[in-house]
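Have the model open as you read.

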Amino acid sequence: MTLRRHLTSWLFLSPLLVVLIPFFVLPFIVVLTASFFDSDGFGGLLPTFTLVNYANLFTSSLTLNLYLATLKFTVLTWFFSLILGFLVAYFLAFHVRNPLLGIGLFLLCTVPFWTSNIIRMISWIPLLGKEGLINMALLKLGLIHEPLEILLFSSVAVVIAYVHQLTIFMIVPIFNSMARIDKRVVEAALDAGASRLDIMRLIVIPMSKSGIALGSIFVVSIVMGDFFVVKVMSGGGSASVVGAFYEDISVLQYPSAAASAVVLTVALMVLIGLILRTVDIRREITR
Amino acid sequence: MASFRDDSKNSTRGSKKKETAISRRSLLKGAGAAAGAVIGSGAIKGFPTIWAQEIKDIELRHVGVSYSVVKAIGDQAAKDLGFKVTMQNLDTSAAINRFITQPNSVDIADLEGWQAKLATKRGVIQGIDISKIKEFDNILPIFTKGEIDGEVVSRQGISPYEAMYIEKPDSTELHEGVTDWATFLPQVYNADSIGYRPDLVGYEVTEWKHLIDPKFKGKAAILDVPAIGIMDAALCFESAGLITYGNKGNMTKEEIDFTVNKLIELKKEGHFRATWTTFDQSVQLMAAGEVVIQSMWSPAVAAVRVKGIPCTYAPVNKKNGKEGYRGWCNGMGLMKHLEGKKLDAAYEYLNWYYSGWQGAFVGRYGYYSPVPSTAKPFMTQAEWDFWYDGKPAPDTINDPYGVPMEKPGTVRDGGSFLERVKNISCWNTLMDEAAYMNKRWNDFKVA
């Protein structure tokens, strides 16, 4: 009986394992191994065991600066996409009475995502530039006399592009958990004299925690693992963790790039662990 | 390295004039057919052992950056040679990684000098028997002997000549001086400098230090490909008299520190509006009025001008041991796994490159052929005068796809071919301290 139960649970696990082992575990082991190797400077790996790649990483102020820069973008993107995503989901779940219309509007949210990330990102450039639409409009209205340079090739531009790309990853899980909130609970609260703020604070937010946590995991891991948006939208004015080790690969410094990748993976796991600690997603979902 | 110069030709053209794409293609076909008839016979003559029947199943995969590995050229080669040629584009970094980690997925590797050096060290390419290259003696001596017009070509960075020879077909070390075996055969090259808006800059730019003139605070940009961006920066600082380098193409740690610290200083003062990595980005920066001066590539300057915006390519001739262009050169290497009929076909392909069609094609967007003597018959007199001799264009000059590019009377910036190449003061490179330099470059980026 127990054996049988074992077998079925392994069977349930197998689809996940079939994906995770070849596409995550094995490559990760390769990268981990390479991170302890030495480089001959010409793309060759010297199979020794050395900690020098890690030592270089942890003793360099560059690492700290890169993580600070990347964390800054992560936190800002997370914050704004959470606010936007939460409000959109709240509107869809509680203000749109007709469920069919709700689903329709929800699908509408995904329409921009039919085009590629890159297109959506670079279409901000003609809007935000020195001679872009926003600056032109502000100049014509007489609100400014010099074009605002901070709009493009700046941290502002990076955050705008990220929020635009990633808000959907907040909307979907939050909408999903809000849709499952029993409306009678809200009615009961209203009847009992709760204010709108109380309902939000005591019912809606606690009961969409799992959605918020899932959305946060998506956003945080995507921003931490990306370098392209930073590169283009900051006009090369800022760097990112991944961007830095991509440059290592371009000069064939595989071991140091591997060490950076391992450190980033661990850092990301810690971050996700923290999110999961605050919200027990498993319990919330099976609720 | 000129890294992400990809996208350059194909995508700028593609996006710019979509509606004319078809007519241009057919135009090209017509021209190609005529050209093919001329040289088709010549190309096959050298290889009587290959039977047309046997080669038609062969496929050569030519892999490299898009400004060098161009589909239109591959299509023409396939038509003339009778076997299949597939052109695959990657950025510089992806390309060298592919050659080294998956050498069997490539037949012809498109290499810069420094990449040829790496590929040789890693043993992924085989020596090219120069006796099988018909036009070898007509290749300009810049490449084969390291000199031009009796003058020695600069050896700062990794010059094509330095990377060109190995002693035996399977050597893994470069050889100083001419041998019978080449690592790669140069196929396209140019000299990079500064592009600027003459209407907004207000004076004629002839020195690199103008790029860091405080007058252009917030309106300047620099190339963000570490290995070559740092050389552009070095040219600026040397020009401003701040430092003298032993070898800009192979700096010491102290020189790297000085250069990057100076860049960080400039960045903190707000001198740079942006940095750019792709051809298109540099065109956009200039065309959208974001910057008025930046390090730039010759065809990018032309692309800005095609949009009707004045843009000049600065002639930065050498003076007092400073200034000069940063040269680059892409060539073709034969991967080690090539053998038998496929190797014969590869040699035939290399010979085709030197037969003129390709040289004329790249000439029409401002790059040069290593064998101008064969390219010349494929260009009109007007094209030759304009692109190579630096004379005023007697007629409207079209780009390779037939789009009008320069009005009659225009003179190419930087003067004649000889004047330009003789003023190359350093070559694209991979420094010994590349890992350290990269790290410091990232300090600049994150500052």
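Start with a spot where two chains meet a ring: the charged end of K121(B) sits over the ring of F42(A), with 4.5 Å to the ring centre. Keep in mind that this is a predicted model. There's another charge over a ring in chain A, where the charged end of K183(A) is placed over F94(A), 5.2 Å from the centre of that ring.

Now for rings that pair with other rings. Over all chains, the count comes to 33 aromatic pairs. Take F169(A) and F218(A): their ring centres are 5.8 Å apart and their planes meet at 50 degrees, so this pair is tilted. F169(A) belongs to helix α8 (residues 155-179) and F218(A) to helix α11 (residues 209-224), both of chain A, so the pair ties together parts 49 residues apart in sequence. As for solvent, F169(A) is partly exposed at 31% relative accessibility, and F218(A) is partly exposed too, at 39%.

Hop over to chain B for another tilted pair. Y203(B) and F216(B) have ring centres 6.0 Å apart and planes at 40 degrees, which is why they count as tilted.

Finish with a cluster in chain B. Ring pairs link Y67(B), W328(B), Y349(B), W352(B), Y353(B), W357(B), F361(B), Y365(B), Y367(B) and Y401(B) together.

Methods:
Residues numbered from 1 in each chain as written. Chains lettered and ligands numbered in written order. Predicted model: local features only at pLDDT ≥ 70, side-chain atom pairs only at ≥ 80, totals over all residues. Heavy atoms only, no water. Phe/Tyr/Trp six-rings, centres within 6.5 Å; stacked < 30°, edge-to-face > 60°. Helix = DSSP H or I, 4+ residues; strand = E, 2+ residues; numbered from the N terminus. Buried < 20%, exposed > 50% of the residue type's maximum accessible area, 1.4 Å probe, protein only. Lys NZ or Arg CZ within 6 Å of the ring centre and 35° of its normal.
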